[in-house]
Amino acid sequence: MDAIIMEKDEKIRRNRSKTTQRIVEALEDVIAERGLEGVGVNRVAEKANVSKVLIYRYFGGMEGLLEYYVKMGKLFPVFTPAVLDQIRPLHESDVARIWYRQVIQTYRYFRTFKAAREVLKASVIENDSIAETTARAQDEEMTRLVSQLSFVKGADTQAISAVVLGAMTYLTIMAQNDRTMISIDLRSEEGWERIENAVKAIYIALNKMAIGSKDVELELQSAHLPLAQW
């Protein structure tokens, strides 16, 4: 009897997982087609070929679905403690590499996938509850990521990250609108190569300042742990 119940529970779990994946994929399609302001429970349910009741049952509605999407690890990586131990810098000069690689990788993803870019726009959409929920979830994920990867004590990494990530978010949105910034073509690979090189230069300079400061302490990994290559 117990085996039958366990098998039934496992089947329900698998079915829910597959349905959740279909709903998420449908959400991405709708966002890519209509933008964040065009999403709705009915459209996503129709695209996923599921009852809209399931969206309310699984996520509590559209806002819950968008929060789940932002926090599921597709837009912002989720690091386990073990992975963080591997990422932790071995040498003082490694900190900059960790910072700029993550920023560059994250925003390359946003530029590559239309649905992700549309979600990024939530921060500039006003008077919209769905955009507000999405923007808040993004901010929570960015805050978590900055906290996990700072590896620094004594410096205001939140404020520094707000400046850099805020700028990258704005530039990414401008690129989608075919705009330029200081005559840099944000639609071209050459333009973004210049932006990414600037991000590297900023973090390398900050890393050097941190090394030379008496008030800043860098959190390095133990010498016996191999430095992760990512």
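**Pockets and loops in a predicted model**

In this predicted model, the largest pocket has a lining of 23 residues, and those nearest its centre are Trp 99, Val 146, Thr 157, Ser 161 and Tyr 203.

Me: How much space lies in the largest pocket?
Reply: Let's start with how empty space is found. Rolling a probe the size of a water molecule over the atoms shows where empty space is left. For the largest pocket, the space comes to about 370 Å³.

Me: Which helix gives the largest share of the lining of the largest pocket?
Reply: Four helices each supply at least two residues of this lining: H6 (94–112), H8 (129–149), H9 (157–176) and H10 (189–212). With six residues, the largest share comes from H6.

Me: How many charged residues are in the lining of the largest pocket?
Reply: Sort the lining by class and you find 17 nonpolar residues. Another six are polar. The number of charged residues is none: the lining has no charged residues.

Me: Which elements give two or more residues to the lining of the second largest pocket?
Reply: About 270 Å³ of space lies in the second largest pocket. Its lining has 14 residues, and Asp 139, Met 142, Ala 162, Leu 165 and Gly 166 lie nearest the centre. The elements that give two or more residues are H8 and H9.

Me: And how many charged residues does the lining of the second largest pocket have?
Reply: By class, this lining has six nonpolar residues and seven polar ones. The count of charged residues is one.

Me: Is Ser 150 buried or exposed?
Reply: Ser 150 sits in the loop between H8 and strand S1 (152–153). Its relative accessible area is 12%, and the cut-off for buried is under 20%. Therefore Ser 150 counts as buried.

Me: Which residues is Ser 150 in contact with, leaving aside its neighbours within four places in sequence?
Reply: Let's take a neighbour in sequence before the others. A polar atom of the Ser 150 side chain lies 3.5 Å from the backbone oxygen of Ser 147. Once neighbours within four places are left aside, the contacts of Ser 150 are Val 95, Trp 99 and Thr 157.

Me: Where is Lys 121, and is this residue buried or exposed?
Reply: Lys 121 lies in the loop between H7 and H8. Not counting residues up to four places away in sequence, Lys 121 touches Ile 173, Gln 176 and Asn 177. Its relative accessible area is 19%, so with a cut-off of under 20%, Lys 121 is buried.

Me: What is phi of Asn 127?
Reply: Asn 127 has its place in the loop between helix H7 (114–120) and H8. Asn 127 counts as exposed because its relative accessibility is 82%, and the cut-off for exposed is over 50%. Its phi is a positive value in a residue other than glycine, near 55°.

Me: How accessible is Asp 178, which also has a phi of positive value?
Reply: Find Asp 178 in the loop between H9 and strand S2 (180–181). Phi of Asp 178 is near 60°, a positive value in a residue other than glycine. Asp 178 is partly exposed, and its relative accessible area is 48%.

Me: How far apart are the end C-alpha atoms of residues 17–77?
Reply: An unreviewed UniProt entry places the feature "domain: HTH tetR-type" at residues 17–77. In the model, this span is 72% helix and 0% strand. Its end C-alpha atoms lie apart by 20 Å.

Key: Residues are numbered from 1 along each chain as its sequence is written. This is a predicted model: local features need pLDDT of at least 70, side-chain atom pairs count only at pLDDT 80 or more; totals for chains, interfaces and linings use all residues. Side-chain values use heavy atoms; hydrogens and water are left out. On a 1 Å grid over the protein atoms alone, a cavity is a set of points where a 1.4 Å probe fits but cannot get out, and a pocket is an open set with protein on both sides within 12 Å along at least five of seven lines; lining residues have an atom within 4 Å of a point. Grid points are joined across faces, edges and corners, and a volume is the space filled by probe spheres set on the points. Ala, Val, Leu, Ile, Met, Phe, Trp, Tyr, Cys and Pro count as nonpolar, Asp, Glu, Lys and Arg as charged, and the others, Gly among them, as polar. UniProt positions are given in the numbering used here, feature names are shortened, and annotations may be inferred rather than shown by experiment. Buried means under 20% relative accessible area, exposed over 50%, partly exposed in between (1.4 Å probe, protein chains only). A polar contact is a pair of N or O atoms within 3.5 Å; within protein, one must be able to donate a hydrogen and the other to accept it, and residues adjacent in sequence count only if both atoms are side-chain atoms. Contact means heavy atoms within 4.5 Å.
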